[in-house]
Amino acid sequence: IQYNAPVVLTFFLLSLGALALGEFTGERTTWLLFTVYRAPLTDPLTYLRMFTHVLGHADFDHFLGNMLLLLVIGPPLEEKYGSRTLLAGILLTAGVSGILQCVFFPGSALLGASGIVFMMIVLSSLAGMREGEVPLTLVLVVLLYLGGEVVDAATARDSVSQLTHIVGGLCGAALGFFMSRRPEG
């Protein structure tokens, strides 16, 4: 057995650990460490939660829904772009979504890896892109996946954070376009 995608597998294991710890503590650690919400800036955990909220999940079904996609999409991306680049994309997506959650939705909380998964979906649609070209796969993903999220954000009344999905998609697009401009080698 090979630990073939260290960032993806470590993210999976940390998320599984956060879920187990939450179950063991009656969800106290999930709220304290793995959920982002507006809190005093004097609380050091406020800054930690801006990034660790992507490791927390409400329950096993929520965890499974995110992790299955992460485990399918993540390893080829890590192989193509490298572990550091993928980790940078995860941290960027977590930080941006955490900050926006606190600024625009002060009365609610956010947890889960769906923003990371959306980042990976959009990033994978950009694989093989050459400078000056826009892949049709990206256009279709934006129209179908992110377009649906925009419509849901305006119409749905559920506990799903469409903003996080949109932020993840935008971070994936930014990372993909940035990587396409870098010289090979």
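Guide: Start with one term: a residue is buried under 20% relative accessible area, exposed over 50%, and partly exposed in between (1.4 Å probe, protein chains only). Glu149 is a case in point, buried at a relative accessible area of 10%.

Visitor: What kind of model is this?

Guide: This is a predicted model, in which local features need pLDDT of at least 70 and side-chain atom pairs count only at pLDDT 80 or more, while totals for chains, interfaces and linings use all residues. Residues are numbered from 1 along each chain as its sequence is written, and side-chain values use heavy atoms, leaving out hydrogens and water.

Visitor: How many helices and strands does the chain have?

Guide: Helices (H or I, at least four residues) and strands (E, at least two) are DSSP runs, numbered from the N terminus. Here the chain has 8 helices and 0 strands. Along the sequence the pattern reads α-α-α-α-α-α-α-α. The chain is as compact as a globular protein of 185 residues, because its radius of gyration of 16 Å is close to the 16 Å of the globule rule. That radius is taken over C-alpha atoms, and the rule is 2.2 Å times the number of residues to the power 0.38. Along the principal axes, the C-alpha atoms fill a box of roughly 50 × 45 × 30 Å.

Visitor: What share of the contacts links residues 24 or more positions apart?

Guide: Contact means heavy atoms within 4.5 Å. Take the contacts in the chain with a separation of 6 or more: residues 24 or more positions apart account for 72% of them.

Visitor: Which residues touch the most other members of the largest nonpolar core?

Guide: A nonpolar core is a set of buried Ala, Val, Leu, Ile, Met, Phe, Trp, Tyr and Cys residues joined through side-chain atoms within 4.5 Å. The largest one has 38 residues, and Phe11, Leu70, Leu86, Ile90, Ile116, Met119 and Met120 touch the most other members. Helices α1, α4 (60–81), α5 (83–104), α6 (114–125), α7 (136–155) and α8 (162–181) each supply at least two residues of this core. The largest share, 8 residues, comes from α6. Look at Met120: beyond its neighbours within four places in sequence, its contacts are Val8, Leu70, Ile73, Gly74, Leu77, Leu86 and Ile90.

Visitor: Which residues does Val117 contact, beyond four places in sequence?

Guide: They are Asn66, Leu69 and Leu70. Val117 sits in helix α6 and is buried at 3% relative accessible area.

Visitor: Is Ser15 buried or exposed?

Guide: Ser15 is buried, with a relative accessible area of 0%. It lies in helix α1 (residues 6–24). Setting aside neighbours within four places, Ser15 is in contact with Val54, Leu55, His57, Phe63 and Met67.

Visitor: Where does Pro6 lie, and what does it contact?

Guide: Pro6 also lies in helix α1. Pro6 is partly exposed, at 35% relative accessible area. Outside four places in sequence, Pro6 is in contact with Glu78 and Ser83.

Visitor: Back to Glu149. Which residues does Glu149 contact beyond four places in sequence?

Guide: Phe118, Gln162, His165 and Ile166. Glu149 lies in helix α7. The C-alpha atoms of Glu149 and Ile166 are 6.8 Å apart, and the two are 17 residues apart along the chain.

Visitor: And Gly176: buried or exposed?

Guide: Gly176 counts as buried, at 3% relative accessibility. Gly176 is found in helix α8. Beyond four places in sequence, Gly176 contacts Leu123, Leu126 and Met129. Its C-alpha is separated by 18 Å from that of Ser97, which is 79 residues away along the chain.

Visitor: Last point: how far apart are the mean positions of the charges?

Guide: Lys and Arg count as positive, Asp and Glu as negative; His and the chain ends are not counted. Each charge is placed at NZ of Lys, CZ of Arg, CG of Asp or CD of Glu. The chain has 9 positive and 13 negative charges, and their mean positions are 9 Å apart.
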